Amino acid sequence: MERVLFIVPTIESSMKKNVTKAELEKCLNGEWYDCHDEIFLEYMRIARDLSLKYRTLFYNQKEEKRMISKELFGHIGENVSVGTPFICDYGCNIYWGNNVSIHMNCTFVDCNKIEIGNNVCVAVGNPCRVIWEINKDA
């Protein structure tokens with residue numbers, strides 16, 4: 001049976017919180033970990049809350065969207081547009097470069113670091129899914 005792990009690389013915010021890091025450390029080390037641990041559930045709760053706020057804004061509410069994006073994502077460059085609906089697991093593992101346009105219906109499974117460079121447009125006719133899987137046995 002093939003073993004697939006989903007890992008979360010660097011989550012800077014976890015180091016600022018007073019939490020038990022056991023499951024996070026396992027995850028960061030590429031070991032089996034409990035994705036239902038309190039720390040991961042909290043990351044998902046925050047991502048869902050911020051994503052909901054983001055989705056309720058109108059297209060022209062750019063400053064409000066930028067403020068939410070700064071909280072949600074690991075890094076956000078200049079001139080970044082993320083269409084809705086947009087779905088992610090944690091948000092804090094997504095790093096956007098400059099001049100990025102993500103069209104609607106994208107799902108980013110950011111259980112690992114996702115970096116989108118400069119001058120990138122993700123535009124697809126069907127729903128888009130960016131997924132990082134780590135096969136420990138490969």
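Select Arg45 and Asp49: both sit in helix α3, four residues apart, about one turn of the helix. Helices here are DSSP runs of H or I with at least four residues, strands are runs of E with at least two, and both are numbered from the N terminus.

This is a predicted model, where local features need pLDDT of at least 70 and side-chain atom pairs count only at pLDDT 80 or more, while totals for chains, interfaces and linings use all residues. Residues are numbered from 1 along each chain as its sequence is written, and side-chain values use heavy atoms, with hydrogens and water left out.

**Stop 1: charged pairs**

Stay on Arg45 and Asp49. Their side chains form a salt bridge, 2.7 Å from N to O. The term requires a side-chain nitrogen of Lys or Arg within 4 Å of a carboxyl oxygen of Asp or Glu. Side chains of opposite charge can pair when their charged atoms come close. Arg45 is partly exposed at 41% relative accessible area. Asp49 is also partly exposed, at 35%. The cut-offs: buried is under 20% relative accessible area, exposed is over 50%, and partly exposed is in between (1.4 Å probe, protein chains only).

Next, pick Glu78 and Arg66. This salt bridge has its closest N and O atoms 3.2 Å apart. Glu78 lies in the loop between α4 and β2 and Arg66 in helix α4, so the pair ties together parts twelve residues apart in sequence.

Now go to Lys113 and Glu115. Their side chains meet in a salt bridge at 3.6 Å, N to O. Lys113 is partly exposed, at 36% relative accessible area. Glu115 is exposed, at 56%. The whole structure holds four salt bridges.

**Stop 2: the cores**

Which residues touch the most other members of the largest nonpolar core? Select Phe86, Trp96, Ile102 and Phe108; the core has 21 residues. A nonpolar core is a set of buried Ala, Val, Leu, Ile, Met, Phe, Trp, Tyr and Cys residues joined through side-chain atoms within 4.5 Å.

Colour the core by element. At least two residues come from each of α3 (38-55), α4 (62-72), β2 (80-82), β3 (86-88), β4 (94-96), β5 (100-102), β6 (106-109) and β7 (114-116). Helix α3 gives the largest share, three residues.

Centre on Phe86. Apart from neighbours within four places in sequence, Phe86 contacts Arg55, Phe73, Ile94, Trp96, Ile102, Cys106 and Phe108. Contact means heavy atoms within 4.5 Å. A second, separate core has ten residues, among them Cys27, Ile39, Phe40 and Tyr90.

**Stop 3: Ser51**

Return to helix α3 and select Ser51. Is Ser51 buried or exposed? Ser51 is buried, with a relative accessible area of 8%. Not counting residues up to four places away in sequence, Ser51 touches Leu72 and Cys88.

**Stop 4: backbone exceptions**

Most residues other than glycine have a negative phi, and most peptide bonds are trans. Check the bond from Thr84 to Pro85: this one is cis, with omega near 0°. Pro85 lies in the loop between β2 and β3.

Select Asn79. Though not a glycine, Asn79 has a positive phi of about 60°. Its place is the loop between α4 and β2. Asn79 is exposed, at 58% relative accessible area.

Finish at Asn105, in the loop between β5 and β6. Asn105 has a positive phi of about 70° and is not a glycine. Asn105 is partly exposed, at 35% relative accessibility.
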